[in-house]
Amino acid sequence: MNWLKQLFSRRRLYNDLSDEIREHLEEKIEELMAGGMSRKEAAHAARREFGNLTLMEEDSRAVWQWPSIEGFFADLRYAFRMLRKSPGFASVAILTLALGIAVNTTVFTAFDALFLRPRPVKDPDSLAILLRINAGGRDGRFSYPDYLYYRDHSRSFSDLSLFAFGMAVTSSDLPATSPEAVPRVAGAVGFQLPQLLQGSAQPIMCFFVSGNYFPMLGTTPLLGRILLPEDDQANATPVVLMSGNSWQRHFHSDPHIVGSTLHLNGAAFTVIGVTPLDYLATAPSVPDLWAPVSAKIALDAVTRQELENRLVSAGFPMGRLKPGVTLSDAQAELSVLAAQLRAQYPEAERNMSVNVASGRNNLAALDSDAWPVIIAAMSAVALLLLIACANVASLLLARAVARRKEIAVRLALGAGRWRLLRQLLTESMLLGLLAGAVGLPLAGWMLHLLIVEIASALPSFWGTIALEISPDIRIFTYTLFVSCAAGIAFGLTPALQASKADVNSALKDDSTAFGHRFRSSQLRGLLIAGQMAACLVLLISSALLLRGSQRALTVDPGYESRHVLYLEAYNPANLHYPQARLLQLNRDLIQAIAGLPGVRSVTQASRGPMGGIRWVPIAPAGAPSPAPAARESESPASGYSYITPNYFETLGIPIVRGRTFTPREADGQSPVVVVSEATARRFWPGEDPIGKLLKIGSEKGSTSFPGESDPFIPSSEVIGIARDVRSMDLRKLDESYLYIPLSQSRQWTRTLLVSADGNLTPLLTAIGHEVRHVDANLPVIAAPLNTMVSMDPYFVVSRIGGVLASIVGALGLLLACLGVYGMVSYSVAQRTREIGIRMALGAQSIQVLRVVVSEGFRPILFGVVIGVLASVGVSRALSATLFGLSPLDPLSFIGVSFLLIAIALLATWLPARRATDVDPMVALRYE
């Protein structure tokens with residue numbers, strides 16, 4: 001540490017060095033005086049022999065290797081002084097860069113909070129997740145028997161727990177649903193998710209976990225205790241753990257909540273504890289309640305047979321590795337266990353393997369479909385930062401011309417080019433760091449607003465979003481890296497250009513430096529062209545995505561959607577009602593709603609025409625069965641829905657051939673079916689499909705979803721052909737679809753569709769009153785059918801991508817136009833004398849204006865051409881989310897290009913207009 005002590009005491013050492021050199025000089029002078037010289041002659045002779053004392057001191061200091069550090073601090077102090085001398089330039093440059101850095105940091109902070117930040121649990125580094133790999137790809141879900149097998153047989157984990165999904169439950173201890181706030185921003189951009197009907201029962205979200213889940217994570221409760229393994233036994237007393245959020249929201253932080261009874265779906269549960277506020281554990285959101293897996297049976301979420309079925313997914317396993325055990329060790333052991341399962345259960349475990357990944361954060365949960373979205377978002381904000389850097393680089397180029405004399409003087413005094421580059425880059429880096437210091441809190445504020453808006457748009461029973469967005473070491477490192485990279489990116493070219501100054505011409509009148517100005521103007525032109533190209537790519541991409549998502553809102557789905565309400569009873573089977581009461585409940589609801597003013601008809605279905613897709617294998621009756629070894633994915637499959645006879649009338653779907661079901665056929669579950677036109681073309685091309693027989697489902701039976709059984713009809717007669725619709729994917733007509741008769745006296749479904757006249761909003765309130773009157777314990781969500789497009793994943797990607805690209809593109813356009821304005825303004829200021837001479841020689845104002853505008857407009861036009869060509873390639877990658885809109889949509893390309901040209905032309909014209917006001921006499925004396 002001696003060198004560190006010497007570093008901080010270097011001033012004393014430097015003074016000692018100076019004193020020693022001067023002592024040697026004085027000794028030489030005295031020696032020469034002793035030889036007969038006068039003191040003056042001796043001093044001159046001694047100095048000639050010693051040389052430059054200051055240079056000698058600097059060379060001596062260089063041996064100690066401190067000057068580089070001192071030089072850096074000197075450069076830093078000088079950079080601060082230069083920025084303080086130009087507050088206008090510094091403010092514009094810092095704010096421009098801060099905007100680009102803030103947007104980049106916002107996106108990275110969101111990515112960090114979702115996927116990189118360690119889980120808020122004890123020792124997250126030792127956690128590992130298990131991923132099930134099958135023929136269809138990676139799937140993290142395991143059946144409950146598989147989980148138990150790995151838990152009991154693995155020796156790599158000290159604990160292996162299960163996160164077993166969640167469900168909404170109802171409680172008679174909570175008040176009815178009150179009106180939910182309408183999200184302003186989400187609604188303005190086209191998102192409208194289903195909301196609970198006012199007056200219906202209020203569902204709350206409950207997540208199910210194994211009994212060792214919280215002990216494994218080291219959870220410390222706020223009140224009471226956590227769930228334990230003995231709570232997850234078949235004969236255990238039903239208990240729940242309440243989240244701190246629900247404790248505050250529903251029970252007003254009642255300190256006596258522990259030990260109280262909460263009735264869920266009609267069953268009594270004891271509250272044993274409260275978790276800390278916003279405690280996620282390993283869940284994607286904060287639920288209202290946590291319950292053991294065994295409680296799913298008590299709540300009728302699953303039956304005992306379904307829980308023990310290896311074909312039914314139960315949840316996501318996560319374990320804690322034993323000390324000294326690595327992921328590769330655990331992978332080797334679980335591969336052996338997976339092989340044993342395949343040997344014991346060849347039918348259920350066919351082609352199944354297990355992958356072990358780090359459970360420290362959610363990064364391992366990212367699949368291949370998510371990365372393109374992340375890369376696209378990061379690329380978009382990187383383009384904005386590139387525009388900001390090009391803008392500041394243009395300012396620095398202009399400033400370098402003004403500092404040519406200063407730089408020339410420093411070169412003339414012996415400064416090396418590398419020394420000048422270091423000084424100029426230090427100024428640029430300082431700008432970048434100051435911009436990062438401004439951009440970091442701005443990013444936190446922007447992300448906070450974004451989370452608040454997203455949370456307000458989601459139904460309350462989905463849980464609470466609790467992202468940790470406070471800056472951590474990764475965010476600080478990222479912001480520092482982006483700030484430094486930006487400083488180098490926008491500072492390097494101006495620094496190189498400035499350090500090439502011609503000393504002779506620079507020390508003379510500036511008017512002789514035409515060549516330097518010309519090269520600077522060329523560089524500024526290239527930077528402006530780059531800004532315009534990047535801005536155009538963002539704006540055209542946003543226009544395509546927004547027009548594509550708008551097309552999804554207006555595309556004809558093949559059925560009536562604007563005057564139809566979608567109603568869904570949210571898990572009413574959880575109320576422990578017998579089948580007879582559920583069937584009567586549906587009949588009472590249909591009768592009550594049908595009697596409301598303006599209602600034309602009410603129909604019942606197993607799913608709405610949007611969302612909730614169900615698939616079933618189909619084949620012409622009598623066709624040979626596929627080989628046992630054939631993959632299920634190779635069997636023809638079709639979407640299906642159980643419907644009542646008035647379904648087609650309610651939704652306005654025409655029967656193009658044949659007929660629909662009669663009430664007697666539906667009530668008696670006759671083996672008849674209505675198929676789509678595409679299904680008829682698929683199985684009976686060129687034939688009359690009426691009267692043909694279709695085999696629906698598999699003899700072995702299948703359960704795609706807990707609590708639901710897929711249909712199996714060995715021979716069903718085709719009685720009608722319905723027009724093709726877009727119910728499974730708005731981008732295209734359904735490839736195959738079946739409509740199976742629904743017996744209202746034997747089958748219960750949760751979906752009702754209501755066709756009505758006029759405005760549907762008042763009808764929602766009236767339906768809420770009727771639901772409350774029929775059954776106060778029934779939670780019902782509702783939405784106009786045409787708004788259900790918000791649930792389409794491609795619409796979500798297209799809309800959010802379009803909105804974000806529009807915001808980033810608009811910011812880029814603002815920065816680019818400021819850059820154009822600054823470039824032309826500076827050009828006019830530098831050419832004031834030239835303009836005065838032109839006007840003194842007889843040039844008209846319009847001629848001067850034409851010259852200035854044409855020179856400023858040339859790089860803009862070049863950038864637009866480059867941007868259009870780049871956008872052609874980008875649009876191809878966006879084609880899957882455009883809902884049939886052409887990737888080369890003329891309105892998007894031509895309209896955005898002309899808009900950008902018009903705004904950039906205005907930014908060019910405004911400063912150019914001032915050039916025509918130049919007084920020739922004043923201009924001739926300008927320099």
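## A first look at the predicted chain

Asn134 has its place in strand β1, and this makes a handy spot from which to start exploring the model. The structure is a predicted one, in which local features need pLDDT of at least 70 and side-chain atom pairs count only at pLDDT 80 or more, while totals for chains, interfaces and linings use all residues. Residues are numbered from 1 along each chain as its sequence is written, and side-chain values use heavy atoms, with hydrogens and water left out. Helices (H or I, at least four residues) and strands (E, at least two) are DSSP runs, numbered from the N terminus.

With a relative accessibility of 28%, Asn134 counts as partly exposed; here buried means under 20% relative accessible area, exposed means over 50%, and partly exposed lies in between (1.4 Å probe, protein chains only). Its C-alpha atom is separated by 4.6 Å from that of Met352, a residue 218 places away along the chain.

For the chain as a whole, 29 helices and 24 strands are found. Of the 927 residues in the protein chain, 49% are buried. Contact means heavy atoms within 4.5 Å, and among contacts between residues at least 6 apart in sequence, 83% join residues at least 24 apart.

Two helix pairs can be visited next. Two packed helices are described by the angle between their axes and the distance between the axes. Axes are lines fitted to C-alpha atoms, for helices over the stretch in contact, and angles run from 0 to 180 degrees between N-to-C directions. Helix α7 (residues 144–153) packs against helix α13 (residues 327–344) at an angle of about 135°, and their axes are 11 Å apart. The two helices, α7 and α13, are therefore oblique to each other; angles under 35 degrees count as roughly parallel, over 145 as roughly antiparallel, 65 to 115 as roughly perpendicular and the rest as oblique. The crossing of α7 and α13 is right-handed. A crossing is left-handed if the near helix is turned anticlockwise from the far one by less than a right angle, and right-handed if clockwise. On the α7 side, Asp146, Tyr149, Tyr150 and His153 take part, and they meet Glu333, Leu334, Leu337, Ala338, Gln340, Leu341 and Gln344 in α13. The residues of this contact of α7 with α13 comprise six nonpolar, three polar and two charged. In this grouping Ala, Val, Leu, Ile, Met, Phe, Trp, Tyr, Cys and Pro count as nonpolar, Asp, Glu, Lys and Arg as charged, and the others, Gly among them, as polar.

In the second pair, helix α20 (residues 579–594) and helix α24 (residues 761–774) pack at about 145°, with their axes 10 Å apart. The crossing of α20 and α24 is right-handed. Leu585, Asp588, Leu589, Ala592 and Ile593 of α20 make the contact with Ile767, Glu770, Val771 and Val774 of α24. Sorted by class, the contact of α20 with α24 has seven nonpolar, no polar and two charged residues.

Turning to the strands, β17 (residues 637–643) is largely enclosed by the rest of the structure, because six of its seven residues are buried. Two strands pair if DSSP finds at least two bridges between them. Strand β16 (residues 615–620) pairs with β17 in the antiparallel sense over three bridges, and Pro617 has Ala637 as its bridge partner in β17. Strand β17 is also joined to strand β22 (residues 737–741) by five bridges, and these two run parallel. Here Ile643 has Pro741 as its bridge partner in β22.

Ser736 is found in the loop between β21 (713–722) and β22. This serine, Ser736, counts as buried at 2% relative accessibility. Leaving aside neighbours within four places in sequence, Ser736 is in contact with Ile618, Ala637, Ser638, Gly639, Ser676, Thr679, Arg682 and Met728. The C-alpha atoms of Ser736 and Ser676 are separated by 6.4 Å, although the two residues are 60 apart along the chain.

Strand β15 (residues 599–605) is likewise largely enclosed by the rest of the structure, since six of its seven residues are buried. Six bridges join β15 to strand β23 (residues 751–756), and the two run antiparallel. Ser601 has Ser755 as its bridge partner in β23.

Most residues other than glycine have a negative phi. Asp123, in the loop between α6 (87–116) and β1 (127–134), has a positive phi near 45°. Asp123 is partly exposed, with a relative accessible area of 42%. Ser253, in the loop between α10 (244–251) and β9 (261–264), has a positive phi of about 55°. Ser253 counts as partly exposed at 30% relative accessibility.
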